[in-house]
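Reader: Can you walk me through this one? I'd like the contacts and the cut-offs behind them.

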Amino acid sequence: MALPLLLNLPLFGAQARPLTILSPEQLAQQGANLSQAAAQELEAQLEKNPEDLTARAKLLGYYWYQWMRPGEAAAKAARRRHILWLIEHHPDSPVVGIEEAVLSDAGNSLVDPEGYQQARQLWLSHMQSKKGNAAVLGNVAKFFQLSDKDLAESALLQARAVQPENGEWDWRLGYLYAMGILGVDALGVNGQPTSVDPFAASGPVATKSRKALAQSSSGTMLAVAASILWRYGTMLAPSEKGKLDYIDDAIKLIQQAKTAEPANPSWPQFLAQLQAFRIQVMSPAPKPAK
């Protein structure tokens, strides 16, 4: 069953400003296919021109996908070097807002606790010195959306205060709150959850996220949260009851959105999709014919 179009919007991308015809994500994907010789050539280019962000985006992709191959330690060090340079010199760049520019302290195979702590200090400094820069705040939120959801929320709330008319921030808050409710602490290369902390799903972040959504009157925020709970919650739930619980949560959020924005024609269709999916989950699978 197709999810609402809302889920097809870009998840991240604070203040999109293209570097070239290709997006940073596309450049990183190109980098995944670089040969070692081509990567070394890009590194040489950066020695001459450190501001070549196109080259850095490609190298981020290269080192991201080289992580599990021979030379892992070298890839880890190079990846950390490029990410820290970007955070320090271009914290508002779309390049530092891509998945390949996130350092992790736990939860996945790209773990780099030392690099994470260095990046954290840089980001905290930027949050203080660039409070009015929504692009920087959006990149802070992207970096910490799994490792420190409270800090990510703070950055997104500040960005929304700076740009109250920009719906991106409500979109991303809805995503963040839903991931907090689910307890997701790691994503795969395809952007889907690969790890869930069951304690986090019943902990203070989840409680705070539910409260924030319950108090929201933003149709965008509520619809995104409902979509994530439906899409990922039913995928991650260990039981049929768990799936139904997440579907019921999603239904309540859309009913809340309908109350907040009664003129929006999307809500009846969204509710019909959720209710049909609920019936599908409740229906027992047909027994094979003997």
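**Salt bridges and other contacts**

Author: The side chains of Asp-248 and Arg-278 meet in a salt bridge, with 2.6 Å from N to O. A salt bridge here is a side-chain nitrogen of Lys or Arg within 4 Å of a carboxyl oxygen of Asp or Glu. This is a predicted model: local features need pLDDT of at least 70, side-chain atom pairs count only at pLDDT 80 or more, and totals for chains, interfaces and linings use all residues. Residues are numbered from 1 along each chain as its sequence is written, and side-chain values use heavy atoms, with hydrogens and water left out.

Reader: Which helices do Asp-248 and Arg-278 lie in?

Author: Asp-248 lies in helix α11 and Arg-278 in helix α12 (residues 266-282), so the pair ties together parts that are 30 residues apart in sequence. Helices (H or I, at least four residues) and strands (E, at least two) are DSSP runs, numbered from the N terminus.

Reader: How does Asp-248 count by relative accessibility?

Author: Asp-248 counts as partly exposed, at 23%, and Arg-278 is also given as partly exposed at 23%. Buried means under 20% relative accessible area, exposed over 50%, and partly exposed in between (1.4 Å probe, protein chains only).

Reader: What forms a salt bridge with Lys-241?

Author: Asp-245 does, and the closest N and O atoms are 3.1 Å apart. Both residues lie in helix α11 (residues 240-260), four residues apart, about one turn of the helix. Lys-241 is exposed at 60% relative accessibility, while Asp-245 is partly exposed at 35%.

Reader: How many salt bridges does the count come to?

Author: The count comes to 13. One of them joins Arg-160 to Asp-170, with the closest N and O atoms 2.7 Å apart. Arg-160 lies in helix α7 (residues 149-162) and Asp-170 in helix α8 (residues 168-182), so this pair ties together parts that are ten residues apart in sequence. There is also a network of salt bridges linking Arg-80, Asp-112 and Glu-114.

Reader: Back to Asp-170. Buried or exposed?

Author: Asp-170 is buried, with a relative accessible area of 15%. Arg-160 is partly exposed at 29%. The side chain of Asp-170 also makes a polar contact of 2.9 Å with that of Ser-218. A polar contact is a pair of N or O atoms within 3.5 Å; within protein, one must be able to donate a hydrogen and the other to accept it, and residues adjacent in sequence count only if both atoms are side-chain atoms.

Reader: Where does Ser-218 lie?

Author: Ser-218 lies in the loop between α9 (204-214) and α10 (219-236), and counts as buried at 13% relative accessibility. A polar atom of its side chain lies 3.1 Å from the backbone nitrogen of Met-221. Leaving aside neighbours within four places in sequence, Ser-218 is in contact (heavy atoms within 4.5 Å) with Asp-170 and Glu-261.

Reader: New topic. How many residues has the largest nonpolar core?

Author: The largest nonpolar core has 71 residues, and those with the most contacts inside it include Trp-123, Phe-144 and Ile-254. A nonpolar core is a set of buried Ala, Val, Leu, Ile, Met, Phe, Trp, Tyr and Cys residues joined through side-chain atoms within 4.5 Å.

Reader: What does Phe-144 touch?

Author: Not counting residues up to four places away in sequence, Phe-144 touches Tyr-116, Arg-120, Trp-123, Lys-149, Leu-151 and Ala-152. A second, separate core of nine residues includes Ala-39, Leu-46, Leu-59 and Tyr-62.
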